[in-house]
Amino acid sequence: MMRGLFVFAALLVAVFGKVTFEGHKVLRIVPKDEVQLSLIKDLEEMMEFELDFWRGVTTVSNPVDVRVPFHVLKSVKDYLETQNIDYSAMIEDLQMILDKEQKEMAAARVPQAKNTDSFDFANYHTLEEIYSFQDMLVAENPNFVSKIVIGQSYEGRPLNVLKFSTGGTNRPAIWIDTGIHSREWVTQASGLWFAKKIVTDYGTDPALTAILSQMDIFLEIATNPDGYAFTHSSNRMWRKTRKPNPGSSCVGVDPNRNWDAGFGEPGASSSPCSETYRGPSAHSESEVKSIVDFVKSHGNIKAFISIHSYSQMLISYIFFGLCQNDLTSLYGTKYTYGSIIDTIYQASGNTIDWTYEQGIKYSYTFELRDEGRYGFLLPASQIIPNAQETWLALMSIMDHTSKNPY
Amino acid sequence: MMRLVVVLAVLMGVSGIPDVTISPPTASADTSAHPNSIPETADESEQIKARTEEGAEEDVMATGELNPNHYPARRAAQVVQHYLNTRYGSPFRLIGVQTVHSGNAEDVADSGRKYQLELSVNDIITNTTQTCSAELFFPKGKGQQPPEVKASLEELLKIDIKAQEEALYQKYKTNQTLMSAQYLPDSHGHIEPDMKPFWHLGILASSFIMLNESTENTLYNVAQVANITQLTTEEDHLEFDCHTLLHEVVSQEIIHWKMLFTWSPAEGVKVVQMKRLPHRHEREKSPKTN
């Protein structure tokens, strides 16, 4: 199984990095004693061999697996043989295996949903699937849902916002965003569910129908698409944007520290290598600037909800219209309510600090499930229950906002 | 710039160098609990100072009665969770904090800060809850000194897990091939049912590290067990090499640790060796997909 994973990793390097592993062997070396252990450790140090240790040196009689490039194979074998170190070829030709796996993967690819009714909301989706969902939803509801591209990500991906509107001109509106931190996968997954929920309940649920007769809803599902793509291709734990930082080997800015509200104050890092790097300047990230420009030019956003995970918290300055029980009532999931500095930590340059300062009274940050047991890797089976309980809170906020215009 | 933190401990080989055991300070002599342990550190361990800038503002610490919903109580409770797992955890018993009922914090001269907490803790596997009183002490001063915790469990220990532990132990003691698992959970939060005990073992071993590394300015969770591999051993325990990703909530950093640890029903978890891996910093040449 271990081997399978490393082969898969090599496959991705080969596919994305256009590298070939022809003739590369993976050797299994078993050190018999401390002396041999030490000699193999020395081998690790010999950078010129470009060895890639899949299973590193641990203790005597435990195997060491190493990928040996073709051009150094003889030298490595000679070294092992002169020292009388046992080895065997675990993989004779890595490239052959990679080619085989690539064929198998192509065959196994799951067919995409043809419409939003057959879309699997109880699973996590790729960025392409999210974009495809958005287009399908618009196509299925042309008089109700439209797609606005508010800008482009650093890597040139569209920043899509779905607009749900029953008419009017520049009606007061509610904004919801998910996925600003790319590793918080339950949020983008919930965003997809919310989108479908809105079109399903419009016309059937009196409360939502009433809200939509007065207000528009804007929903940005993949708010950090570059980061999201990266969590699929390379690093599941990626949080920030993917913009390189000049003079640093570290990439990305924390989009939730990049807003022009308390920018530069304690509560964010000035180091590009930090997960909470604020960026070179406020709104330096296009992912953030696009929302700023949209909100300012729209001028009539009345509630702003930014969705994150995990911690199970509702963060705001004031909790108008929100009943403590809303999130708990459905499944008994406990949420904590409070200001960010009380509940989690100090953070500057946050989204809702900026939106609040813009005069958007009902500004909230949601932190969805769970409390840390699974954390970012929330089982897909929890997507829908989480979305359902969150929806109750969103409905409360939207209901209150529409009944209390300002 | 993240500093490389390497915590090297006494190396355990098959030759059987006796392990140095440091038991966490305990309130009661609870003889039913096995002494989960970590070895003495050979080198000085240096805590990641990712939050030096932010730390300044948080120096004004909450004192007196604590709001149970606010972060000071929450962070202290998490430390208790890690302590309880190092002391009582098993592949079949994993402790989580459920609710903080009340808390109190005070300065202790110039030596540190003391907390008292009343909480409810939960055996995650059986979903059984009990109340728990805990006392913590966060020492002040140079270098990372681990917090001291006094807390005990009685109710949850009454749940009998001996049979399950023995079965797991026997199965992997007599296995023909050594087990190895990666990415527990995987990207989608999935874990194969028969791999769950190894996910739990990875969390338990990590709990020693999380306990060691905790301060009033941190909140640790295990983000993922990237790799857990069984090693051969002649001793009366199972031995594992393990790579876990810790999530530190306050800095939002993902910190990689490698561990060598052993487990048996009789001995519990013993961490033999632990090492913090350097910050990945865009070493994206080997993509990590799961």
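1. Start with Tyr310(A), which sits in the loop between strand 9 (301-309) and strand 10 (313-315) of chain A. Helices here are DSSP runs of H or I with at least four residues, strands are runs of E with at least two, and both are numbered from the N terminus. The peptide bond leading from Ser309(A) into Tyr310(A) is cis, with omega near -5°.

2. A quick word on the ground rules: this is a predicted model, where local features need pLDDT of at least 70, side-chain atom pairs count only at pLDDT 80 or more, and totals for chains, interfaces and linings use all residues. Residues are numbered from 1 along each chain as its sequence is written, chains are lettered from A and ligands numbered from 1 in the order in which they are written, and side-chain values use heavy atoms, leaving out hydrogens and water.

3. Is Gln312(A) buried or exposed? Gln312(A) is buried, at 6% relative accessible area (buried is under 20%, exposed over 50%, partly exposed in between, with a 1.4 Å probe and protein chains only).

4. Now look at Asn84(A), in the loop between helix 3 (73-82) and strand 4 (86-91) of chain A. Asn84(A) isn't a glycine, yet has a positive phi of about 60°. With 53% relative accessibility, Asn84(A) counts as exposed.

5. Arg369(A) and Asp370(A) are joined by a cis peptide bond, omega about 0°. You'll find Asp370(A) in the loop between strand 12 (362-368) and helix 13 (383-403) of chain A.

6. Why point these out? Because most residues other than glycine have a negative phi, and most peptide bonds are trans.
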